[in-house]
Amino acid sequence: MGVLEALLARRSVRAYSGETVPAEKLNQVLAAGLASASGRGRQPWELLLVTDKAQLEHLSHARVAGAGMLAGAEAAIVVLGNEHVSDTWIEDCSIAMANMHLAASDLGLGSCWIQGRMREAAEGVSTESYVFDALNVPADQGLRLEAMLSLGMPAAAPQGRELQDLPWEKVHDEEF
């Protein structure tokens with residue numbers, strides 16, 4: 001499958017079958033993140049793999065809304081960026097997230113990007129604080145939460161996009 005075909009096939013998946021995700025596939029998704037481009041090659045990300053079902057359930061409450069699929073996921077990858085390593089940590093972590101999201105789809109896995117940065121859990125606690133507390137992330141090393149990627153075998157096969165259905169009106173030629 002070519003890159004464009006893979007991009008068109010990729011969809012966010014929020015419902016999982018409960019079938020075990022092979023460790024080899026999880027490692028390939030992680031490799032896609034580690035192989036990502038980063039500004040000046042600094043690689044400011046840290047990837048935290050979570051497979052414990054109780055921990056995934058707990059993380060499903062890391063946002064007021066939008067993280068519930070973690071309760072049914074087989075795994076999650078928490079993407080942290082080190083703001084002391086690079087001033088482009090947000091962009092670099094986003095590239096790693098996108099690459100892992102695409103790799104998961106290519107491997108037949110369902111995945112969903114769960115934004116963490118600048119989001120809130122219940123009672124006004126930041127999603128970042130909630131996740132850091134849950135996963136024992138040190139608070140004094142410049143680490144920041146970018147996002148979490150839920151992973152599992154999809155409960156249903158989502159339909160991909162068609163090239164002609166893309167929002168071509170967003171492309172401007174020469175001038176806006």
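View 1. Buried residues make up 41% of the 176 residues in the protein; buried means under 20% relative accessible area with a 1.4 Å probe, counting protein chains only. This is a predicted model, where local features need pLDDT of at least 70, side-chain atom pairs count only at pLDDT 80 or more, and totals for chains, interfaces and linings use all residues. Residues are numbered from 1 along each chain as its sequence is written, and side-chain values use heavy atoms, without hydrogens or water.

**View 2. Order of the elements.** The protein has 5 helices and 4 strands. These are DSSP runs, numbered from the N terminus: helices are H or I with at least four residues, strands E with at least two. From the N terminus on, they run α-α-β-α-β-α-β-α-β.

**View 3. Strand β4 and its partners.** Strand β2 (residues 75-82) runs antiparallel to β4, joined by 8 bridges. Here valine 78 has methionine 148 as its bridge partner. Strand β3 (residues 110-115) is also antiparallel to β4, with 6 bridges. Cysteine 112 is partnered by serine 150 of β4. Strands pair if DSSP finds at least two bridges between them.

**View 4. Helix α5 and its surroundings.** Asparagine 136 follows α5, with a positive phi near 55°.

Technical notes: Buried < 20%, exposed > 50% of the residue type's maximum accessible area, 1.4 Å probe, protein only.
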